Amino acid sequence: MASLRFPFSFSQTQPPHYSRPLSSFPVAAAVGATAVGATAAFAVLTSSSSSSHRQFLETALNFLFSSDRTSLPAWGTLSLADMSVPVVESKSGATFPSVLGDSQKLCGIGLRRKSVFGLKNIDVYAFGVYADDNDIKECLAGKFEKLSALELKGNKEFTEDILENDISVTVSLQIVYGRLSISSVRSAFEESVGSRLQKFGGSDNKELLQRFTAQFKDEIKIPKGSVINISREKGYVLRTSIDGQEVGSIQSKLLCKSILDLYLGEEPFDKQAKEDIELNLASYLQK
């Protein structure tokens, strides 16, 4: 059957409001823990053979159902000692490691969906956003450390500083639609990233856009489960890899901001994910 071709940058449909796992997002979970999160934690608890994992999840469940929540647990008290337990995006089943590389921590997960003729929603890819907490503190603590994480949630100035500053951030995309072609990915970025480049830098950025989209060559295969990592590294270098193989890097502050705006900007792909990410990024300033 031929590949279904479509851009990621389809019309903005309201994403589902699914619960994020308590184990990896303690601040967000403490604010809005749900039965779905409890069920997910219980499922892992009953199947895990690791005593350290079981102890952690038991603590998380006890917190979830405790009637005494006058004080929120610190981030460290809910994080695994070895940080090895993956986080599951509940709608797609895609899993994300809690830590990427040596220092980037998972801040939020989301789902990109496409509406087909207004009749059916297709899950295209799940995504996780990672950030270096030391970078966050170094760049933003002086300006925002006196504000709580809840006060910073939805703070436009805080989000804008995340987009603008030289902070190490990675967006990890995991393909969940089995018939997605690389040409569809390329077309998607041409539209979605192109619109952001125009928004932030004006209309004369076609060459920059072409340099980015040219990395997604026709010979690259992206079956279900493929992972595309797009990272903003120090010096505003945008590095792209597919299934662990680097496909290109471009030094451009404008391009970095345009990519991250898809997930953290005013019109994010997943609004609930953006809220989780903002809340957890803000929590780094209180540590």
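Strand 7 (residues 227-233) is mostly covered, with five of its seven residues buried, where buried stands for under 20% relative accessible area, exposed for over 50% and partly exposed for what lies in between, taken with a 1.4 Å probe and protein chains only. Strands here are DSSP runs of E with at least two residues, helices are DSSP runs of H or I with at least four residues, and both are numbered from the N terminus. The model is predicted, and for that reason local features need pLDDT of at least 70 and side-chain atom pairs count only at pLDDT 80 or more, whereas totals for chains, interfaces and linings use all residues. Residues are numbered from 1 along each chain as its sequence is written, and side-chain values use heavy atoms, with hydrogens and water left out.

**The sheet around strand 7**

Two strands are taken to pair if DSSP finds at least two bridges between them. By this rule strand 7 pairs in the antiparallel sense with strand 6 (residues 169-175) over six bridges, and in the antiparallel sense with strand 8 (residues 237-242), again over six bridges. Strands 7 and 8 form a hairpin with three residues between them, and glycine 235 in the turn has a positive phi of about 85 degrees. An open sheet of seven strands has the order 3-4-5-6-7-8-9, with antiparallel pairing. Strand 3 (99-100) and strand 9 (245-251) stand at its edges, each with a single partner strand, so one side of each is left without a neighbour in the sheet. Strand 3 pairs with strand 4 (residues 104-116) in the antiparallel sense over two bridges.

| Strand pair | Residue | Bridge partner |
|---|---|---|
| Strands 6 and 7 | valine 169 | arginine 232 in strand 7 |
| Strands 7 and 8 | serine 231 | arginine 239 in strand 8 |
| Strands 3 and 4 | leucine 100 | glutamine 104 in strand 4 |

**Loops beside these strands**

Tyrosine 236, placed in the loop between strand 7 and strand 8, has a positive phi of about 60 degrees although it is not a glycine, and with a relative accessible area of 17% tyrosine 236 is buried. Aspartate 243, in the loop between strand 8 and strand 9, likewise has a positive phi, of about 50 degrees, without being a glycine, but aspartate 243 is partly exposed, with a relative accessible area of 44%.

Serine 168 lies in the loop between helix 6 and strand 6 and counts as buried at 13% relative accessibility. Contact means heavy atoms within 4.5 Å; not counting residues up to four places away in sequence, serine 168 touches Gln104, Tyr130, Ala131, Asp132, Asp135, Arg232 and Lys234. The C-alpha atoms of serine 168 and glycine 235 are separated by 9.5 Å, although the two residues are 67 residues apart along the chain.

**Helix 6 and its surroundings**

The buried residues of helix 6 (residues 156-164) are Phe158, Thr159, Asp161, Ile162 and Leu163. What covers them includes helix 4 (133-144), helix 5 (149-152), strand 7, helix 9 (253-264) and helix 10 (271-283). At the start of helix 6, a side-chain oxygen of asparagine 155 reaches to within 3.0 Å of the backbone nitrogen of glutamate 157.

The axes of helix 6 and helix 10 come within 11 Å and cross at roughly 80 degrees, where axes are lines fitted to C-alpha atoms, for helices over the stretch in contact, and angles run from 0 to 180 degrees between N-to-C directions. Helix 6 is therefore roughly perpendicular to helix 10, a term that covers angles of 65 to 115 degrees. Phe158, Thr159 and Ile162 of helix 6 make the contact with Glu278, Leu281 and Ala282 of helix 10.

**A buried arginine, and the chain as a whole**

Arginine 196 lies in helix 7 (residues 182-201) and counts as buried at 10% relative accessibility. Its side chain makes a polar contact with the side chain of aspartate 261 (2.9 Å); such a contact is a pair of N or O atoms within 3.5 Å, of which, within protein, one must be able to donate a hydrogen and the other to accept it, and residues adjacent in sequence count only if both atoms are side-chain atoms. Leaving aside neighbours within four places in sequence, arginine 196 is in contact with Ser258, Asp261, Leu262 and Glu267.

The chain has ten helices and nine strands, and of its 287 residues 53% count as buried.

Terms used. Angles under 35 degrees count as roughly parallel, over 145 as roughly antiparallel, 65 to 115 as roughly perpendicular and the rest as oblique.
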